[in-house]
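Hi everyone, thanks for coming. Today I'd like to walk you through some aromatic rings and their neighbours.

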Amino acid sequence: MRVLLGLALVVAVSTQLVNKNVNRAVDLTTQIAKVTCEVEVENTGASTVKTYEVAVEPNSIPLLSYVSVSEHGNELPLRKVTDGVYEATLSAAVTSGGKTNLVVLLTFTHSLEPYPKAINQPDNQLVRFHSNAYFYSPYSTVEQFTKFNLGSSKIESFTPRSPSNKEGQSVKYGPYSNIPAKTTARITLHYENNSPFLTIRNLQRTIEVSHWGNIAVEEHYQLSHTGAKLKSQFSRLDFQRNPIGAPTAVKSFRTVLPASSKGVYYRDDIGNISTSNLRETEDANELEIRPRFPLFGGWQTKYYIGYNVPSYEMLSSNGGNYKLEFPFIDHSYDNLVVDDVEVRVILPEGTNGFEVVYPNYEVNRLPDEKKKTYLDTFGRPVLVFTAKNLEENHIKNIEVYYKFNSIMLLQEPILVVIAFMVIFVTVIIFVRLDFLYFLWMRTEKQDRELLTLLRNCFNISNKIKYSVSDETVELLSSAKSRKDTKRFQKQ
């Protein structure tokens, strides 16, 4: 009974809010659908309201990548209520009759469908996008307007819904008035989109921390082109003659590294890829990634990059308490999409008391592991994190707090010193001591016994030799006397 009353209270509180005015802008110029909604919210109820709910259509939930709500330019705390429903805590409670302005940002990956699914090398790529003409919300909307920015004037078709019209590179729907909560009206836009459809199917990122002043970062990529597949065979000759004649091919892309990164390398299973180019700036180092072959739809490549940064860039300490802060994912290329990522943090041997502060999206932590390297005794702790369906808005820091006794820094030098001492002592023993002394300590009686033993062994061997020789001669003579010589005569 109490549960039912609580649910009824939540419904009553949520229905107090009304979307007074909604201005929705949908950016479809890249492979990511970015929906920005400017919402004027009004409290029409009698009590104050402290939260605002954001709802996502059920068929779009698997494609949802990122959600955020901002008020007056500040991002609000967001809590996931259930799949497709999020609750934002307002900076100040909205009183009865009060208003506030919010900005709701939603991003969707793999929502643009190549249509047709396969094209020839010189063809342009056409995509379809399915959406809702109305702003999907758990609250009713008084007035709303939607604009789809396509980035191309080649619009094959769009679903008409009065009022709606096409203007240059955009399609506009609305204004619409008095829309009930959770109202849907399916629309489809079919247009040209030649932007790079690159997807990182799997990313394995390793952060290895050393308290001797260095942090090593290595990233392994499995990269796929998820655009329209190449229908015909690839012609290297046509591509060399006219690279612009393959508008959907991805020839290179840019990866942003920290400005303090040193020792950068870019390799694949074959070895070093010399076509890359590193440009250093004050704010960052830009690594131009140029695969061994251009990427067309359905093609993929695997590679890995690595670099070193000074530990002060990511690591800070206060006595024996340490804080490691680094971006969970980095800027691998513009408008990146990451399906699966695994981040492994390798800490120095002897660390303990781990505490993690996660970014404002879902990150899973797997059981800790151990890794043994040179001069380790019981192994270094490895913290493992995973996440799915990420994009540029997920480039946010994760914080790892741990404890470390500085005396452990002496462990490896002491082990090295002990190892060299053992080697030197062993050499001294073999060089300085005379082992012939033990031979000189034998008595005269022992020498006679040894000489007698050697003579006996020599005599026994001679007897065996002579006996074997005599028996061999007798056997040969007997065989010769019994041989029938007539068998060798001619008949």
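Let's start with arginine 128, which lies over the face of tyrosine 115, at 3.8 Å from the ring centre. A charge sits over a ring if NZ of Lys or CZ of Arg is within 6 Å of the ring centre and within 35 degrees of the ring normal. Arginine 267 does this with tyrosine 265, at 4.5 Å from the ring centre.

A quick word on the source: this is a predicted model, where local features need pLDDT of at least 70, side-chain atom pairs count only at pLDDT 80 or more, and totals for chains, interfaces and linings use all residues. Residues are numbered from 1 along each chain as its sequence is written, and side-chain values use heavy atoms, leaving out hydrogens and water.

Now, ring against ring. The structure holds 19 aromatic pairs, meaning Phe, Tyr or Trp rings (six-membered ring for Trp) with centres within 6.5 Å; planes under 30 degrees apart are stacked, over 60 edge-to-face, the rest tilted. Take tyrosine 134 and tyrosine 176: their centres are 5.0 Å apart and their planes at 85 degrees, so this pair is edge-to-face.

Phenylalanine 234 and phenylalanine 296 make a tilted pair, 5.3 Å centre to centre with 50 degrees between the planes. Which of them is buried? Phenylalanine 296 is, at 1% relative accessible area, while phenylalanine 234 is partly exposed at 25%.

Finally, Tyr221, Phe253, Tyr266, Tyr303 and Tyr333 form one aromatic cluster.

Technical notes: Buried means under 20% relative accessible area, exposed over 50%, partly exposed in between (1.4 Å probe, protein chains only).
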